[in-house]
Amino acid sequence: MKSETCLGKVSGKPLSFYYTEFEAQSAAEYSKNVYDNELAPYECQRCNYWHLSPKCRMTPSQKCSKCTSATNEYKNSYLTSKEAKIRASIIYEEQGIALEVYKCRHGNGWHLTKARNY
Ligand SMILES: [Zn+2]
Ligand SMILES: [Zn+2]
């Protein structure tokens, strides 16, 4: 399935999307087995479906036990500011959302927040 809302920033072509994480995960496994191309599913903030992203661009994250986002979910936390910045630049490329990196007040690594418009 090709997305009508989301384009690959590099290719300019519509991204494939999947309705569930499970579907995206099996497509990722297929790609790994057939093309030896490691992909990881991520949930898109724009269309709320799942896309695949090259695994080398994924940054490991954990959920913070204290901080919540505007939607009341626990925020992702990154071990280092560098990882958080990589994640922010990927989100910017893929979704056009500018994010700022800041240190967790509770010592749980680094978080991302929507950049303020000055
Ligand atoms: Zn999308
Ligand atoms: Zn936190």
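Entry one. I began with the geometry at the zinc ion (ligand 1), where the angles among the four donor atoms run from 103 to 113 degrees and the site is tetrahedral; I keep in mind that this is a predicted model. I then looked up the donors themselves, and found the zinc ion (ligand 1) coordinated by Cys 6 (SG), Cys 44 (SG), Cys 47 (SG) and His 51 (NE2), at 2.1 to 2.4 Å.

Entry two. Along the sequence I read the spacing of these donor residues as C-x37-C-x2-C-x3-H. Cys 6 sits in strand β1 (residues 2-7) and Cys 44 in the loop between β3 (39-43) and β4 (50-54), so that this pair, 38 residues apart, links distant parts of the chain. Checking accessibility, I noted that Cys 6 is buried at a relative accessible area of 2%, and that Cys 44 is buried as well, at 3%.

I turned to the zinc ion (ligand 2), for which I listed Cys 64 (SG), Cys 67 (SG), Cys 104 (SG) and His 111 (NE2) as the coordinating atoms, at 2.1 to 2.4 Å.

Are Cys 64 and Cys 67 buried or exposed? I found Cys 64 buried, with a relative accessible area of 2%, while Cys 67, at 9% relative accessibility, also counts as buried, because the cut-off is under 20%.

Notes. Residues numbered from 1 in each chain as written. Chains lettered and ligands numbered in written order. Predicted model: local features only at pLDDT ≥ 70, side-chain atom pairs only at ≥ 80, totals over all residues. Heavy atoms only, no water. Donors = N, O, S within 2.8 Å, 3.2 Å for Na, K, Ca; no water. Tetrahedral: all angles 85-135°; square planar, octahedral: opposite > 155°, others 65-115°. Helix = DSSP H or I, 4+ residues; strand = E, 2+ residues; numbered from the N terminus. Buried < 20%, exposed > 50% of the residue type's maximum accessible area, 1.4 Å probe, protein only.
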